[in-house]
Amino acid sequence: YLEEQINETGVVASCVHPGGFRTNIAKSARGKDAALLKQAAKELKGSPKKAALEIIRGIRKKQSRIVVGNDAKLVHGVHQMARPLLQKLMRNYVKK
């Protein structure tokens with residue numbers, strides 16, 4: 001992890017895990033997935049302004065991980081809960 005590598009250097013890095021927010025990114029989508037992205041963008045509820053403020057707050061608090069948006073928090077929470085199980089499965093697999 002980057003955090004471990006720079007831990008004693010005085011440098012602070014924040015990794016942002018954003019959810020979906022209402023932006024204009026999908027409007028510029030091209031290629032085979034463009035229509036899908038444009039349709040999905042209509043469902044996004046998150047405010048980009050609120051996301052930016054939350055990111056800035058996390059940076060000021062020197063948080064190494066900033067999870068922004070309810071959808072990102074849900075995915076992050078599931079990942080955190082599943083991590084011990086996945087690690088156990090991998091240890092058992094390697095033992096074989």
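Residues are classed by relative accessible area as buried (under 20%), exposed (over 50%) or partly exposed in between, with a 1.4 Å probe and protein chains only. The structure is a predicted model, in which local features need pLDDT of at least 70 and side-chain atom pairs count only at pLDDT 80 or more, while totals for chains, interfaces and linings use all residues. Residues are numbered from 1 along each chain as its sequence is written, and side-chain values use heavy atoms, with hydrogens and water left out.

The mean pLDDT (the predictor's confidence in each residue, from 0 to 100) is 85 for the protein, and 97% of the residues score at least 70. Among helices (DSSP runs of H or I, at least four residues, numbered from the N terminus), confidence is lowest in α1 (residues 2-6), with a mean of 75, and highest in α3 (residues 48-60), at 95.

One salt bridge (a side-chain nitrogen of Lys or Arg within 4 Å of a carboxyl oxygen of Asp or Glu) is present in the structure. E54 pairs with K73, and their closest N and O atoms are 3.2 Å apart. E54 belongs to helix α3 and K73 to helix α4, so the contact ties together parts 19 residues apart in sequence. E54 is partly exposed at 24% relative accessibility; K73, at 40%, is also partly exposed.

Helix α4 spans residues 70-95 and includes M81, which is exposed with a relative accessible area of 65%.

Methods: Helix = DSSP H or I, 4+ residues; strand = E, 2+ residues; numbered from the N terminus.
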